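I'm opening my notebook on this one and jotting down what I look up as I go.

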Amino acid sequence: IRISGQSSYNPSRFNVNLVNGRGYQSNADIGMHCDVRFNYGDNHNVVVRTHRQHGGWGQEERHAPFFPFVPGQPWEMIVRAEHDKYMIAVNNQHMFEFRHRIHPMNRFDHLYIEGDVNISMIQFQ
């Protein structure tokens, strides 16, 4: 999945989710929740990854070698699904891996993006 977007000029956060069905707001299972936090609570310039199953959020992963998102600037994210993990790159640089926590991964058939971001392109390859 290739996603092009631009964060707002004074962002708090935005997130990209791979969801089972259309029920993001109704506690549907989420295979990958990628939450880009510029300034959210005690979180500053961090990308938090987790999943949601049966309405409960899983353990968060926070380590990343860099924070590529700049307020008001465009970015491109590539999410590549492999048999055991998602590979995430931003602006053509590998950023992190997120191992599948819920199987089978092909049940995640919807992309849900929300927050302080404008999306200009989504491409499924």
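**Notebook: pocket and backbone**

E6 is the top contributor to the lining of the largest pocket, giving four residues. A reminder to myself: this is a predicted model.

Entry 1, the pocket. I looked up the volume of the largest pocket and got about 340 Å³. Strand E6 (74–81) and E9 are the elements that give two or more residues to its lining. I then checked who sits nearest the centre of the largest pocket: Ile1, Leu18, Val79, Ala81 and Phe124, out of 16 lining residues. Sorted by class, the lining has 10 nonpolar, three polar and three charged residues.

Which peptide bond is cis, with omega near -5°? I found that it runs from His103 to Pro104. Pro104 is in the loop that links strand E8 (93–99) and strand E9 (110–115).

I went to the loop between strand E7 (85–90) and E8, where Asn91 is placed. Asn91 isn't a glycine, yet its phi is positive, near 50°. Asn92 is also in the loop between E7 and E8. Its phi is positive too, about 65°, and Asn92 is no glycine either.

Is Asn92 buried or exposed? I noted 67% relative accessibility for Asn92, so it counts as exposed, the cut-off being over 50%. For Asn91 the relative accessible area is 34%, so I wrote down partly exposed.

Conventions:
Residues numbered from 1 in each chain as written. Predicted model: local features only at pLDDT ≥ 70, side-chain atom pairs only at ≥ 80, totals over all residues. Heavy atoms only, no water. Buried < 20%, exposed > 50% of the residue type's maximum accessible area, 1.4 Å probe, protein only. 1 Å grid on protein atoms, 1.4 Å probe; cavity = no way out; pocket = protein on both sides within 12 Å on 5 of 7 lines; lining within 4 Å. Points joined across faces, edges and corners; volume = space filled by probe spheres on them. Nonpolar A, V, L, I, M, F, W, Y, C, P; charged D, E, K, R; others polar.
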